[in-house]
Amino acid sequence: MAARRVTQMYDRHLEPAGLTITQFGLLGHVALMPDVTIGSLADTLAMDPTTLTRNLAPLVTRDFVRSDADPSDRRIRRLSLTRAGRQALNTALPLWNEAQQRLADRLGAADAQALNALLDRALASLEPA
């Protein structure tokens, strides 16, 4: 329930940019990983490639992300951020920062830092063997 509440808060903050927190995260990762394959991005995000493809679909439709066949293996799709995608990300970034600050304010700085540290440790502990 806490995760849903946090997601709702971020989604409300990002609404003026026309993005959800999931879409914002995907844009950010594609921006940081130019020409990433769907499989590599799915691994990075600990997502199923099918779920990732479904989540990317609105971003491709809105021309924020390009999905092109790899020249050496047409079965592999490579992702890149478009100019519109970069603009959407730049518009959303200050809104995301506001959401980050609001979360820290609501939790308190010490609890927010402790929560982030605990989540980082949990993620590392839950890595597949």
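The legends below describe several views of one protein chain, given here as a predicted model.

In this predicted model, local features are reported where pLDDT is at least 70 and side-chain atom pairs count only at pLDDT 80 or more, whereas totals for chains, interfaces and linings use all residues. Residues are numbered from 1 along each chain as its sequence is written, and side-chain values use heavy atoms, with hydrogens and water left out.

**View 1. The whole chain and its order of elements.** The protein chain has six helices and three strands, where helices (H or I, at least four residues) and strands (E, at least two) are DSSP runs numbered from the N terminus. Read from the N terminus on, the order of these elements is α-α-β-α-α-β-β-α-α. Along the principal axes, the C-alpha atoms fill a box of roughly 50 × 40 × 20 Å. Of the 129 residues, 30% count as buried, a word that here means under 20% relative accessible area, while exposed means over 50% and partly exposed lies in between (1.4 Å probe, protein chains only). Taking contacts (heavy atoms within 4.5 Å) between residues at least 6 apart in sequence, 54% join residues at least 24 apart.

**View 2. Helix α4, its span and its kink.** Helix α4 covers residues 49-61, and these 13 residues should span 18 Å at 1.5 Å a residue, which agrees with the 18 Å between its end C-alpha atoms; the expected span is 1.5 Å times one less than the number of residues. A kink of about 30° lies at N55, shortly before the proline P58, the bend being the angle between axes fitted to the seven residues ending at a residue and the seven starting there.

**View 3. The buried residues of α4.** Within α4, the residues L52, L56 and L59 are buried. An α-helix has 3.6 residues a turn, so residues three or four places apart point the same way. The cover over the buried residues of α4 includes α2 (21-32), α3 (38-45), β2 (65-69) and β3 (77-81).

View 4. A46 lies in the loop between α3 and α4, and its phi is near 55°, a positive value in a residue other than glycine. With a relative accessible area of 70%, A46 is exposed. D63, placed in the loop between α4 and β2, has a positive phi of about 60° although it is not a glycine. The relative accessible area of D63 is 42%, so D63 is partly exposed.

View 5. F64 is found in the loop between α4 and β2, and at 10% relative accessibility F64 counts as buried. Leaving aside neighbours within four places in sequence, F64 is in contact with several residues, including L19, L27, L59 and T82. F64 and R83 stand 19 residues apart in sequence, while their C-alpha atoms are 7.3 Å apart in space. T82 lies in the loop between β3 and α5 (83-107) and is buried, with a relative accessible area of 11%. When neighbours within four places in sequence are again left aside, the contacts of T82 are D63, F64, V65 and R66.

**View 6. A104 in helix α5.** A104 is found in helix α5, and its relative accessibility of 23% makes A104 partly exposed. Apart from neighbours within four places in sequence, A104 is in contact with A109 and A112.
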